[in-house]
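Please read them beside the coordinates.

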Amino acid sequence: KQWYQRRVRGKLRRGQFRPTLMGLIKRNSAHTVEEVTKEAISIIRKSITCIPEAFKALEKLHGVGPATASLILSIILPDHVPFMSDEAMDASIGLPRSYTASRYEKFRKVLCSKAKKLGVDWHVGMVEKSLFATAVLAR
């Protein structure tokens, strides 16, 4: 539970502040967080194509939608699951921003394509971090 709270705190520092999110995250019991996270990891380890199902599992937690689910899974599988940061989404698929599973899948496909073009040393997590850093430096 504390691990989730630290990650969400980091997410809020990195992106747009959402005042109610931390309160929702804190409502989750440690047992529920552990069980739901194990379920999501089990789903995604079966096949990387099961990202939507892993998201649905994580979304059972209070305060977790596609963006937060992508954060959690990007820490576990950074080579395959990019974090749905506003900056990387804006740079790769543009506006409007919407935090839905279908929008995430479009975002992930664009980043997968870019990583493939950049070569074998690149993965989607690296592409997301590069887009995020470029956007922050351009501010």
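Predicted model: local features only at pLDDT ≥ 70, side-chain atom pairs only at ≥ 80, totals over all residues.

1. Residues are numbered from 1 along each chain as its sequence is written, and side-chain values use heavy atoms, with hydrogens and water left out.

2. The largest nonpolar core has 32 residues, and Ile44, Leu58, Leu73, Val81, Tyr104 and Phe107 touch the most other members. Such a core is a set of buried Ala, Val, Leu, Ile, Met, Phe, Trp, Tyr and Cys residues joined through side-chain atoms within 4.5 Å; buried means under 20% relative accessible area, exposed over 50%, partly exposed in between (1.4 Å probe, protein chains only).

3. A salt bridge is taken as a side-chain nitrogen of Lys or Arg within 4 Å of a carboxyl oxygen of Asp or Glu. The structure holds 6 of these.

4. Arg139 forms a salt bridge with Glu87, with the closest N and O atoms 2.5 Å apart. Arg139 lies in the segment after H8 and Glu87 in helix H6, so the pair ties together parts 52 residues apart in sequence. Helices here are DSSP runs (H or I, at least four residues), numbered from the N terminus. Arg139 is exposed at 66% relative accessible area, whereas Glu87 is buried at 10%.

5. Glu34 pairs with Lys38 in a salt bridge at 3.1 Å between the closest N and O atoms. Both residues are partly exposed, Glu34 at 43% and Lys38 at 46%.

Key. Helix = DSSP H or I, 4+ residues; strand = E, 2+ residues; numbered from the N terminus.
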